[in-house]
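The sequence and the model come first.

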Amino acid sequence: MTNTELHIVAGAAGVGKSTFGKDLARKLAGVLLDSDTVTEPVVRAGLAAAGLDPADRDSPEYKRLFRDAVYECLFQTAADNMQHIHVVIVGPFTRELGDPSWPNQLAERFGVTPTVWYLSCDDEIRRQRIEQRANPRDQAKLIDWQRHVIEAPVAKPAFAVQSVDTSD
């Protein structure tokens with residue numbers, strides 16, 4: 001059993017996961033493992049090598065080829081760091097939020113009970129934030145925002161979380 005903490009910051013695109021995760025890691029004097037940055041160069045190269053759009057993060061092809069590997073990379077890196085320091089992992093974790101046993105799986109794997117932070121905010125605020133960050137990964141979402149909201153509904157956690165409304 002370790003004396004370090006594991007924090008998971010989850011939620012939809014544009015809710016402020018990265019900002020919240022950075023602030024939390026700073027407060028804890030911990031390490032930040034953000035899915036948007038930790039694996040980005042490898043994912044872009046892999047998508048390009050597969051003849052796919054390197055900015056894609058929403059298609060079935062991306063999810064089939066990279067989703068689980070991205071999360072496993074984050075978890076393995078977290079395990080190495082938790083021996084020494086608090087860890088904050090940032091990612092959507094949509095499928096995992098719907099699994100009531102996920103916190104127990106994490107606790108078993110890491111030897112600590114994780115704190116899961118679930119961030120949310122109004123869809124229009126999310127859209128504005130996504131437009132402002134101007135990341136090519138978000139183009140598909142912004143081309144037809146209403147379709148994105150309908151087809152990629154915000155996951156509601158199937159277990160107890162620390163809920164944070166980031167609308168302000």
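Two residues are in contact when heavy atoms of theirs lie within 4.5 Å. The model discussed here is predicted. In that sense of contact, and leaving aside residues up to four places away in sequence, Val31 touches Ala25, Asn81, Ile85, His86, Val87 and Val88. Val31 belongs to strand 2, which covers residues 31-34. The C-alpha atom of Val31 is separated by 29 Å from that of Asp122, a residue 91 places away along the chain.

In what order do the five strands of the open sheet lie? The order is 2-3-1-4-5, and the pairing is parallel. At the edges stand strand 2 and strand 5 (162-165); each has a single partner strand, so one side of each is left without a neighbour in the sheet. On average, and with direction ignored, neighbouring strands of this sheet are turned by 20 degrees against each other.

Strand 2 runs parallel to strand 3 and is joined to strand 3 by four bridges. Leu32 has Val88 of strand 3 as its bridge partner. Helix 4 packs on this sheet and touches strand 1, strand 2 and strand 3. The direction of helix 4 makes about 170 degrees with that of strand 3.

Strand 3 also pairs with strand 1, again in the parallel sense and over four bridges. Here Leu6 stands opposite Val87 of strand 3. In a regular strand, side chains alternate between the two faces of the sheet. In strand 3, Val87 and Ile89 point one way, while Val88 and Val90 point the other way. These four residues are all buried.

**Aromatic pairs**

Over the whole structure, a search finds seven aromatic pairs. Two of them are set out below.

| Pair | Distance between ring centres | Angle between planes | Class |
|---|---|---|---|
| Tyr71 and Phe93 | 4.4 Å | 20 degrees | stacked |
| Phe75 and Phe110 | 6.0 Å | 65 degrees | edge-to-face |

Why is the pair of Tyr71 and Phe93 classed as stacked? Planes under 30 degrees apart count as stacked, and the planes of Tyr71 and Phe93 are at 20 degrees, so this pair falls in that class. The pair links distant parts of the chain, with Tyr71 in helix 4 (residues 60-82) and Phe93 in the loop between strand 3 (87-90) and helix 5 (94-97). Tyr71 and Phe93 are 22 residues apart, and both are buried.

For the edge-to-face class the planes must be over 60 degrees apart. The planes of Phe75 and Phe110 are at 65 degrees, so that pair is edge-to-face. This pair, too, links distant parts of the chain: Phe75 lies in helix 4 and Phe110 in helix 6 (residues 102-110), 35 residues apart. Phe75 counts as buried because its relative accessibility is 7%. Phe110 also counts as buried, at 10% relative accessibility. Through ring pairs, Tyr71, Phe75, Phe93, Trp102, Phe110 and Phe159 are linked into a cluster.

**Helix 6**

After helix 6 comes Gly111, which has a positive phi, near 75 degrees.

**Helix 7**

Which residues of helix 7 (residues 123-133) are buried? They are Arg126, Arg127 and Ile130. These residues cover an arc of only 100 degrees around the axis, which puts them on the same side of helix 7. What covers them includes helix 8 (139-143) and helix 9 (145-151).

At the start of helix 7, Asp122 places a side-chain oxygen within 2.9 Å of the backbone nitrogen of Glu124. Just after helix 7, Ala134 has a positive phi of about 50 degrees.

Definitions and conventions
Residues are numbered from 1 along each chain as its sequence is written. This is a predicted model: local features need pLDDT of at least 70, side-chain atom pairs count only at pLDDT 80 or more; totals for chains, interfaces and linings use all residues. Side-chain values use heavy atoms; hydrogens and water are left out. Rings of Phe, Tyr and Trp (its six-membered ring) pair if their centres lie within 6.5 Å; planes under 30 degrees apart count as stacked, over 60 as edge-to-face and the rest as tilted. Helices (H or I, at least four residues) and strands (E, at least two) are DSSP runs, numbered from the N terminus. Buried means under 20% relative accessible area, exposed over 50%, partly exposed in between (1.4 Å probe, protein chains only). Two strands pair if DSSP finds at least two bridges between them. Axes are lines fitted to C-alpha atoms, for helices over the stretch in contact, and angles run from 0 to 180 degrees between N-to-C directions. The arc is that of the directions from the helix axis to the C-beta atoms. A polar contact is a pair of N or O atoms within 3.5 Å; within protein, one must be able to donate a hydrogen and the other to accept it, and residues adjacent in sequence count only if both atoms are side-chain atoms.
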